[in-house]
Amino acid sequence: MLSQILEPILTKVWESILSKLVEQTADNAHNNLKSIKEFELNLKALQKKLKSLCAKASDVEEEIKNSELSGRKKRKREVEEWLEEVRSIENQVVELGTEVESEGFIVRLMDGELPAKLNNEVDLLVEQSRNFGELALDVCGSRGDKLLTNGMVGEVFNENLETILTLLESGQVSSIGVCGMGGMGKTTLAKHIHNRLLQHFQGRVIWVTVSQEFSVMILQDKIARFIGLDFWGEDNEELRAARLHTTLSQMKNSVLILDDVWENIDLLKVGCPVSVECCRLIITTRSLEVCRQICCQKVIQVKKLYHHEAWELFNEMLRNVIELDSSAEEIARSVAELCGGLPLAIVTVAASMRGKRAIHTWRNAYVELKERVSGNDGMGEGEVYKVLKYSFDRLNRNHHSQSNEFNTLQHCFLYCALYPEDKEIMREDLVRQFISGGLLDERKTRRAQVEQGRSILDKLVNVCLLESCVDLDYVECVKMHDLVRSMALKICEGKYMVRAGDESLNEIPKEAEWAKDLEKVSLMSSGIMRIEEGKSPDCPKLSTLLLLGNYMLDFIPDSFFSKMQGLCTLNLRTTCITELPNSICALKSLKSLLLEWCHKLENVPYLGEMTELRELNLSHTAIKEVPEGVKQLVNLKFLAMDAPELEMLPEGLFLKLGNLQYLDLPFHMVVEVEEIANLELLEEFSGRVKSVNDFNSLITSWGSQVHGTCYVILVGSYDEDTFEILGSGDCKELFLSECNLKDEVVLAEGIKQLTISKCEDLSICFVDGLEGLKIECCRGIEYILKKCQMATRWVG
């Protein structure tokens, strides 16, 4: 393609140049002709090099695509960037063809820049291609990671474990079902199998939690993500199944564990080639019928623990440093028996009794639990629910909690049920939601609230109402056992409406389903595309509405919020809305308005009447200006406006917002240091200042408060392509970009991350206590000193 472009260019260039030369004087014609000859040689060399380069790029592209077809390979980032550079050169040559007849082009040609520049770039790309090595990486190289789980208890548990491992090793069984009632330890058994396979067997071990909200495409996505297969936006089930089938077939000797299966799954439709040689299958389910429908060759039924095994597990979960005396132990054994041999019930009740040694405490616990198990407290789902409810009710007696913290612990626990079933919930995100939902002590600073939220999660994990886990990105998370979540939803029956995670919902529930007494509604990640005109649920007590994660939701009618006057928290994160309805202005009780990652949101109505608003998040939206009325939101504690298209910050914006504790601003615009310095309660700040002097002024204004302040501050110029945040939310991070540092002293005591880019006249860099240091394009630096000792000499 490039040779076809360049040949006519050379002809047109000569015609245009000769015409231009006729108009020029004889004095400079000779020199110009010499320059033109050089250009001709450069253009011909460029033609030859580009032809070779494009042939190389074509071969590279074809080889990568062939590798990626299997789903086991993924192109290296450096190769993808190289291909983009080749395309860029190609585009420049195309532009050259369109410019060749212009007079400006002839002048630029005679300046001697264009062909030489392109030639150098092509040489560099050719040299880069010689150092690629492998063009694609193996995305299926990892065999999986060890899962966190409780210890094994019981003879039957160990027998089941060894039986399943023996069946897998025999090479005669391709599918195994593990079934039993909820809370029996099926998932725990499957996790131990998973971990043993990782330890002793070759091949890939794939773990996927299925849950009740099942669909073929969701299951395909989960398996594909686990093995590193990218569907690239493919939404055809059959094509996805074919690619998944190809990838799993090539992996050989793999084991697919599907946990918490509720209904028959057509594995061929999903794309799973179940066989002894290729992909063996283990499922856990409550239903024996499901095992038969999926044609499991062997079925292992998990049974309750024997009395002595139940006590062993109960006593282990008590974790007593000092043993109980004989009388207390006798009652404790009776408490363990009331749990009916159900591991989940045993674990939660024992966790709620940790540290209790007095005999009257144990006697009272036995009486209360016996009344629940033998009587009827309205739970209606069998003894396991009653036992779990007992553990929930005991929250106020743990940690010597006062009644207000008891309510906080309960409400935070119940809030977790608003997330989809089996959802791994990021701990830090959950703490932020506790704050947004007004569940934590609002008299505390935001930092203190974060610590309170983290402590509450630790307590809920400690009493086994939540489980600790990590997601695929190794981020710390918590999750709810599905029985615990069911118990929580029963407690909130009539007050909570939860359809979270049901991606087949497509539309808002009918108005008749919105009871007047509803307090919280969660429709997060439920596939809602639109809310029809005229919809107006009558929910005067509704305090929390979660619509986040509905990526296709693009319209909310004005009528929708008209009967929700008590709404305090509205979360529309990651929806596709382009504007907010004007009726939102009438929500006078609203405290949290969360619009982060609504990337199409351009229009926000006047907000000045929302005087109760404490949290406003407009980051990563499409707003071009700060919404009117923000200046009047004097109670704001959290303001995030890192919006890429935001054009300016109105003068005096922050002068009345003296309660701000968290402020996140875009780096493409400079802030007025005097206004930020006015925020005496600020604990977290992200933004850009003009100079080192401005940065020093800001740090000085914070005084001793700076030690407890987290910040990410850019000083100098902003380049979107190279700017990269390295630290975390608890970090002090400073970027110096294109600053003249001659005779400058940077007041960066306690800083954790430091980046210095394209700065002048900095000969020596003093650092102390840094966790990360990055220096680029600063040729004047000779030394980097730590604690006044030379640590590294900078060459450049």
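The legends below accompany an overview and several close-up views of a predicted model.

**Figure 1. Overview of the predicted chain.** The chain has 796 residues, of which 51% count as buried, and 22 helices and 26 strands are found in the chain. When contacts between residues at least 6 apart in sequence are considered, 56% of them join residues at least 24 apart. The accessible surface of the chain amounts to about 38200 Å², and carbon and sulfur atoms account for 48% of this surface.

**Figure 2. Helix α9 and the elements against which its buried residues pack.** Helix α9 runs over residues 237-251, which makes 15 residues, and spans 21 Å from its first C-alpha to its last, close to the 21 Å expected at 1.5 Å a residue. The buried residues of this helix are Arg240, Ala241, Leu244, Thr247, Leu248 and Met251. They lie on the same side of α9, because the arc that they cover around the axis is only 135°. The packing partners of these buried residues are β4 (205-209), α8 (216-227), β5 (254-261) and α10 (267-270).

Figure 3. Just after the helix, Lys252 takes a positive phi of about 60°.

**Figure 4. Helix α18, a mostly covered helix.** Helix α18 is formed by residues 427-436, and eight of its 10 residues are buried. The buried residues are Arg427, Asp429, Leu430, Val431, Gln433, Phe434, Ile435 and Ser436. Just after this helix comes Gly438, which takes a positive phi of about 70°.

**Figure 5. Thr569 and its contact with Ser436.** Thr569 belongs to strand β14, which covers residues 569-571, and with a relative accessibility of 1% Thr569 counts as buried. A polar atom of the Thr569 side chain lies 3.0 Å from the backbone oxygen of Ser436, and Ser436 is itself one of the buried residues of α18. With neighbours within four places in sequence left aside, the residues in contact with Thr569 are Ser436, Gly437, Ser543, Thr544, Leu545, Leu590 and Ser592.

**Figure 6. Ser737 in strand β21 and the residues around it.** Ser737 is located in strand β21, which is made of residues 732-737. Ser737 has a relative accessible area of 11%, and therefore counts as buried, since the cut-off lies at under 20%. Although Ser737 and Val715 are 22 residues apart in sequence, their C-alpha atoms are 6.1 Å apart in space. Apart from neighbours within four places in sequence, Ser737 is in contact with Leu714, Val715, Gly716, Ser717, Ser757 and Cys759.

Figure 7. A disulfide is a covalent bond between the sulfur atoms of two cysteines. The structure holds zero disulfides, and for Cys272 the nearest cysteine sulfur, which belongs to Cys279, is 6.1 Å away.

Notes. Residues are numbered from 1 along each chain as its sequence is written. This is a predicted model: local features need pLDDT of at least 70, side-chain atom pairs count only at pLDDT 80 or more; totals for chains, interfaces and linings use all residues. Side-chain values use heavy atoms; hydrogens and water are left out. Helices (H or I, at least four residues) and strands (E, at least two) are DSSP runs, numbered from the N terminus. The expected span of a helix is 1.5 Å times one less than its number of residues. Buried means under 20% relative accessible area, exposed over 50%, partly exposed in between (1.4 Å probe, protein chains only). The arc is that of the directions from the helix axis to the C-beta atoms. Contact means heavy atoms within 4.5 Å. Accessible areas come from the Shrake-Rupley method with a 1.4 Å probe; for residues, only the protein chains shown count as cover. A disulfide is a pair of cysteine sulfur atoms within 2.5 Å. A polar contact is a pair of N or O atoms within 3.5 Å; within protein, one must be able to donate a hydrogen and the other to accept it, and residues adjacent in sequence count only if both atoms are side-chain atoms.
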